[in-house]
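Subject: Structure handover

Hello,

Here is the structure for you to look through. Please open it first, then read my notes below.

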Amino acid sequence: MSYGEWAPYVPVAKRRARAAREISKLLKKGKKIEPIEVQGQKIARTFWGEAWCSHLEKFSDYESRLPRGRTYVRNGSVCHLAIAKGTVEAMVSGSELYTVRITISPLSAKKWNNLRNQCTGQMGSMLELLQGRFSNHIMQIVTDQNQGLFPTPSEITLACDCPDWAEMCKHVAAVLYGVGARLDHQPELLFLLRDVDHEELITAELDIQSATSREGKRRRLA
């Protein structure tokens, strides 16, 4: 297909049937398929999922383009989405089954250490961390637009093999929202994506508690 040439419109039912056939072939070859399933109109419902979507929508480069993907992710067009260290790989059902790859830079050591230092003494358990159950102060720290856990546009590289020339086509936009939906169920994947260990936030807490306990014991024995 040449530049600027568009494929004819394909009804959703036909697109889904075509995608299902392609996915079936991949399954037979042993590929693990992880579709995104959204219930109702709300794409994300938990702290981490909502925070991811809200973060991306704050950037002017994205806010006008992201809505193109909402319908796609809601109607089940994101047939597969896998999150690994620094990458999101997905397949989206459009006129054809398109492959999307999103590359995200690791969180810098400076930002991560700063986050750990600010959160020390204020984290509860690992369960509370993953459920997003902490104070508004901590929420503001981890979701800070430039210094928090979420990537900025300059740290994100987008790619789709569809014929749309735009960097953020509707398939890419659907996958970005799909990440939010996936974080609803597996928030630890955000830390994997940014190449940091979420357990270190709790470890830092335990290190402080342990040091405090040792100091108290030393004083009692002195």
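The protein chain has 10 helices and 4 strands. Both are DSSP runs, numbered from the N terminus: helices are H or I with at least four residues, strands are E with at least two. From the N terminus on, the order is α-α-α-α-β-β-β-α-α-α-β-α-α-α.

Some ground rules. This is a predicted model, where local features need pLDDT of at least 70 and side-chain atom pairs count only at pLDDT 80 or more, while totals for chains, interfaces and linings use all residues. Residues are numbered from 1 along each chain as its sequence is written, and side-chain values use heavy atoms, with hydrogens and water left out.

Now the whole chain. Of its 222 residues, 42% count as buried. Buried means under 20% relative accessible area, exposed means over 50%, and partly exposed lies in between (1.4 Å probe, protein chains only). The chain exposes about 12,000 Å² (Shrake-Rupley method, 1.4 Å probe). Carbon and sulfur atoms supply 50% of that area. Next, contacts, meaning heavy atoms within 4.5 Å. Take those with a separation of 6 or more: residues 24 or more positions apart account for 73% of them.

Next, the strands. Two strands pair if DSSP finds at least two bridges between them. Strand β1 (residues 78-84) pairs with β2 in the antiparallel sense, over 6 bridges. I83 stands opposite V88 in β2. Their hairpin has 2 residues between the strands, and G86 there takes a positive phi near 75°. β2 also runs antiparallel to strand β3 (residues 97-104), joined by 7 bridges. M91 stands opposite T99 in β3. This second hairpin, of β2 and β3, has 3 residues between the strands. How covered is β2 (residues 87-93)? Mostly: 6 of its 7 residues are buried.

Now the aromatic rings. Rings of Phe, Tyr and Trp (its six-membered ring) pair if their centres lie within 6.5 Å; planes under 30 degrees apart are stacked, over 60 edge-to-face, and the rest tilted. The structure holds 4 such pairs. One of them is W52 with F150: edge-to-face, 6.1 Å centre to centre, 65° between the planes. W52 sits in helix α2 (residues 47-57), and F150 in the loop between α7 (136-142) and β4 (156-160), 98 residues apart. W52 is buried at 0% relative accessible area. F150 is buried too, at 2%. F47, W48, W52, F150 and F191 form one aromatic cluster.

Last, the cysteines. There are 0 disulfides (cysteine sulfur atoms within 2.5 Å). C53 is buried at 9%, and C79 is buried at 13%.

Best wishes
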